[in-house]
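Welcome! Take a moment to look over the sequence and the 3D view, and then we can walk through them together.

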Amino acid sequence: MQRLAGVALAVMAAIPGGFALLAYALPLIPSPGDSLPTEGVEVFVCSNGVHTDLVLPAVTDAMDWTAVLPRSDFPLAPADSTHLSFGWGDRAFYLETRRWSDLNPRTAWRALFGGGPTVVHVYHLRRPVAGEDCGRLVLGEGAYGRLVAYVRAAFRSDRPILGASYSGDDRFYEAYGTYGPVLTCNEWTARALRAAGVPMGIWTPLASGVMRWVR
């Protein structure tokens, strides 16, 4: 019995180390991607160091997001906003952790090991500037269409969750999918980019793994 317990403890101790190794190694291995054009639709991938968002034009010939997500749902959005930011993740973590000081062990555990419902977080902003925290990409019409289709398919509902907002320029929407250690918020961003043909690591659970391909 003691031997079995020792084996179990060894396995439990090895899991975080194995995850960390893969999380830093697999983003270095490229998945198939296309050569990106110099002209087309400009999109951004932005990060706060932990989480990544897709930042897309509010209106293009291919997609008018304001027709799907009316500006009236965002009462404090800047009048001159030009882009919308899309992030996907664990519902409890998003809604219960507005600041890092709000994080508690229960929410962190649930987000880390997954299994709970997810949401899409959307907010309005003015055109971002490419830099260390925001990578700029140019996509052809077909590639951008595939990116939009991937993001659009994440929405379980186009109606925002009542009362769920950080500052009035953002909204949360019920989403499809289950958050977990394999499909993280950053891997969701990466899958959207892979769908558009953007070169990307084969698995990118961490923000750093995504950003190294888009800066």
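## A patch on the surface

In this predicted model, L28, I29 and I202 make up a nonpolar patch on the surface, and their accessible area together is about 260 Å². To find I29, look at the loop between α1 (2-25) and β1.

## The chain as a whole

| Property of the chain | Value |
|---|---|
| Buried share of the 215 residues | 45% |
| Accessible surface | about 11,200 Å² |
| Part of the accessible surface belonging to carbon and sulfur atoms | 61% |

Among contacts with a separation of 6 or more, 74% are between residues 24 or more positions apart.

## A helix inside

Why is helix α6 (residues 185-195) described as largely enclosed by the rest of the structure? Nine of its eleven residues are buried, so the rest of the structure largely encloses it. The buried residues of α6 include W188, L193 and R194. What do the buried residues of α6 pack against? Their partners are the strands β1 (41-47), β2 (52-57), β3 (83-90) and β5 (134-139), along with the helices α5 (141-153) and α7 (207-214). After α6 comes G197, which has a positive phi near 85 degrees.

Technical notes:
Residues numbered from 1 in each chain as written. Predicted model: local features only at pLDDT ≥ 70, side-chain atom pairs only at ≥ 80, totals over all residues. Heavy atoms only, no water. Buried < 20%, exposed > 50% of the residue type's maximum accessible area, 1.4 Å probe, protein only. Helix = DSSP H or I, 4+ residues; strand = E, 2+ residues; numbered from the N terminus. Contact = heavy atoms within 4.5 Å. Areas by Shrake-Rupley, 256 points an atom, 1.4 Å probe, with all protein chains shown as cover. Patch = residues over 30% accessible without salt bridge, like charges linked within 9 Å, V, L, I, M, F, W, Y side chains within 5 Å. Salt bridge = Lys/Arg side-chain N within 4 Å of Asp/Glu carboxyl O.
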